[in-house]
Amino acid sequence: MSRTILALVAISLALGAAEVPDFIPPANSGVINVRDHGAVGDGVADDTAVIRAAITAAFDRDNRYAAPPMVYLPAGTYRITDSIASQHLKKGWSSGWLSGSLIKGQHRDKTIIKLDDNAPGFGDAKKPRFVMATGSEADGGNDGGGGNRAFRHAIMNLTVDVGSGNPGAVAVDLVVSNRGTLEDAVLRAGPDSGWCGLRMDRWWPGPGLIKNVRIEGFAQGIRMAGHWQYSMTFDQIELIGQRDVGLLAEHNPVFAQRMRFEGPAQAIRITEGDHLLVLLDSEIIGSDGATGAAIRTEGIADIRDLRCSGFQTIIDGRGDNNLAAKNAKRSERVERWAQGTQVKRNGKSPEPLNLKVEQTPRVFPGKKDWVDGSGDLQSALDQGGIVYLPQGNYDIKQTLVVRDNVQALIGFQSSLRMVGEGPVMRIENKRKAVVLEHLWFEGTIEHVGTGSVALRHCDVHKGKFMAIGRGKTFIEDVIGRYEVGAGHKLWARQTNAEFGEEPLLINRGGAMWLLGFKTEGEMVCIEQESGATELLGGFFYPLRDVPGNRPAIDLKGGSFAGSWVYNGKHYPVHVREGETDHRGDWGRGPALWSTGR
């Protein structure tokens with residue numbers, strides 16, 4: 001156990017959900033606008049059937065590999081009387097559940113999906129029922145929609161209001177695989193209404209990213225119960241006024257940053273000993289009526305920079321591993337508290353690296369900011385600004401070059417496939433940041449500049465992201481492999497890497513900070529020649545026995561600190577540090593292993 005607590009007289013923690021401007025897509029972007037299918041959005045007309053039809057129309061246009069078009073909801077209140085799902089109306093194969101749906105509103109406070117008060121079918125808390133849901137593909141029937149093929153789902157920029165008198169309502173029942181997101185959203189329930197805000201009980205959630213989400217009311221705010229696979233990453237989450245618990249989890253790991261809990265309910269409840277909780281830079285405010293512990297966990301844990309007030313006990317761990325508040329009326333800071341295996345070196349407890357953390361750049365285009373890249377994409381990039389690609393597939397014959405005048409390249413479910421020689425894209429920016437969003441790349445991306453690059457909700461297939469220059473890279477909800485060169489800095493929040501024989505992530509002298517890193521296959525997960533890597537929550541998933549003496553992490557030099565769990569099989573060597581192999585029984589994984597600084 002490791003714990004440090006500092007008392008503070010007052011704390012102001014700017015965790016609140018970030019403001020996001022209106023999103024209005026270009027006319028030729030290829031989105032499916034629910035208004036074009038007859039949605040009214042006046043809060044009076046029943047728009048349930050129309051929204052379902054728009055989702056089906058998106059699936060009819062393209063499958064998940066070609067990316068179904070975005071379903072867009074302009075500002076309005078869309079009254080619904082029944083559930084909405086990423087499911088084809090004709091059912092059929094996979095019971096109609098299909099992957100790749102992207103549902104996006106104009107603004108999270110202006111696009112509101114509103115369930116009728118006292119809606120039939122939502123009144124029994126013993127039989128919870130979703131308002132919105134995603135699902136997984138499966139060969140044959142799949143009535144429940146669970147599975148591990150729920151690829152690239154996204155729900156963004158909207159509010160889901162379950163109304164009053166609906167104690168069995170679940171705002172969003174989410175299944176995502178490898179990448180997927182709930183982002184820039186509000187989930188809301190009236191008094192004594194709502195069973196759960198965000199439910200992830202169906203097999204198998206993750207990996208995915210939940211970002212900039214506010215959950216108001218409900219008995220339970222976030223729930224992950226019933227299985228071991230996979231993991232979820234959270235950033236900028238507000239949980240306000242839950243009646244029972246803010247976040248409940250059993251086995252599925254939770255990797256979280258900048259969470260804020262407020263209300264009388266317990267903030268976090270972890271019931272199983274093989275769970276891994278990584279919690280960073282967060283705040284818990286217990287209101288009148290708060291009792292017990294703010295956090296109750298039986299699992300592996302690494303908690304850092306937590307602020308807490310209103311609870312007599314801050315953390316209730318295994319046995320007597322508890323952390324009491326000095327004064328529940330005052331906000332206190334927990335610098336670090338850990339539980340589970342912490343592997344000592346030379347008799348000393350492991351130390352975090354505490355690498356500097358920077359936040360991901362984002363762009364929010366206005367209606368007149370869009371530059372059409374569907375004709376000559378290189379010419380559009382040379383023009384600069386915020387370039388967009390309408391929904392579709394684009395063959396690239398010559399490497400695309402991105403320079404300082406480009407703010408962003410945004411896809412509307414768009415793929416770029418290299419059919420010529422060389423990398424699909426070369427980023428040469430020197431000063432400004434460029435954002436790549438909602439894109440599927442087939443080929444290698446080279447970042448050779450000294451500026452910043454952000455990849456958000458992207459795939460990098462049949463190649464890797466090569467961070468060669470001395471710039472910065474930000475990763476959010478991306479499928480891909482990475483190689484980081486000397487002097488480069490990379491921050492990743494939810495990345496998935498799989499298969500092949502080469503190491504999935506290679507550090508050749510840079511600094512890498514990883515919150516939520518899921519692997520699949522029997523290869524080396526991280527290889528480091530020099531530099532520094534801090535892994536805050538890994539999920540290593542070898543499908544079969546790992547060959548020979550292959551390590552999960554291969555350190556040839558530099559410094560490293562990390563927490564991770566295994567799923568299914570284990571690696572025979574946890575960490576290879578030069579000529580030394582670190583083996584042994586670390587349980588499901590370590591709360592912290594470190595080379596030291």
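Which residue stands opposite Val245 in β19? The residue is Gln266, and the pair belongs to a region of strands described below, where helices (H or I, at least four residues) and strands (E, at least two) are DSSP runs numbered from the N terminus. This is a predicted model, in which local features need pLDDT of at least 70 and side-chain atom pairs count only at pLDDT 80 or more, while totals for chains, interfaces and linings use all residues. Residues are numbered from 1 along each chain as its sequence is written, and side-chain values use heavy atoms, with hydrogens and water left out.

**Confidence**

- The mean pLDDT of the protein, pLDDT being the predictor's confidence in each residue from 0 to 100, is 94, and 96% of the residues reach 70 or more.
- Over residues 1–17 the pLDDT is below 50, although this stretch has 51 contacts in the model beyond near neighbours in sequence, a contact meaning heavy atoms within 4.5 Å.
- Where pLDDT is low, the predicted coordinates should not be read in detail.

- β6 and β9 pair in the parallel sense over 2 bridges, with Ala85 standing opposite Ala133 in β9.
- Strand β9 is joined by 4 bridges to strand β11 (residues 169–173), and these two run parallel; here the bridge partner of Ala133 is Asp173 in β11.
- Because 4 of the 5 residues of strand β9 (residues 129–133) are buried, this strand is largely enclosed by the rest of the structure, where buried means under 20% relative accessible area, exposed over 50% and partly exposed in between (1.4 Å probe, protein chains only).
- Strand β19 (residues 266–270) likewise has 4 of its 5 residues buried, so it is largely enclosed by the rest of the structure.
- Strand β17 (residues 245–249) runs parallel to β19 and is joined to it by 4 bridges, whereas β19 and β21 pair in the parallel sense over 3 bridges.
- Arg269 stands opposite Arg296 in β21, and Arg296 in turn has Asp316 in β23 as a bridge partner.
- Strand β21 (residues 293–297) and strand β23 (residues 313–316) run parallel and are joined by 3 bridges.

- Leaving out residues up to four places away in sequence, the contacts of Phe234 include Ile222, Met259 and Leu515.
- The structure holds 0 disulfides, a disulfide being a pair of cysteine sulfur atoms within 2.5 Å.
- Cys308 is buried, with a relative accessible area of 2%, and Cys458 counts as buried at 0% relative accessibility.

- Asn157, in strand β10 (residues 154–161), counts as buried at 3% relative accessibility.
- A polar atom of the Asn157 side chain lies 3.4 Å from the backbone oxygen of Gly105, and the residues that Asn157 touches include Val20, Phe23, Glu183 and Asp184.
- Gly589, in the loop between β44 (580–582) and β45 (593–594), counts as buried at 2% relative accessibility.
- Not counting residues up to four places away in sequence, Gly589 touches Ile300, Thr341, Trp564 and Val565.

**Backbone geometry**

- The peptide bond from Trp203 to Trp204 is cis, with omega near -5°, and Trp204 is found in the loop between β13 (196–199) and β14 (208–216).
- The peptide bond from Gly206 to Pro207 is cis, with omega near -5°, and Pro207 lies in the loop between β13 and β14.
- Asn118, which is not a glycine, has a positive phi of about 55°; Asn118 is found in the loop between β8 (111–115) and β9 and is exposed, with a relative accessible area of 58%.
- His457, also not a glycine, has a positive phi of about 55°, but His457 is placed in strand β34 (residues 452–461) and is buried, with a relative accessible area of 1%.

Methods
A polar contact is a pair of N or O atoms within 3.5 Å; within protein, one must be able to donate a hydrogen and the other to accept it, and residues adjacent in sequence count only if both atoms are side-chain atoms. Two strands pair if DSSP finds at least two bridges between them.
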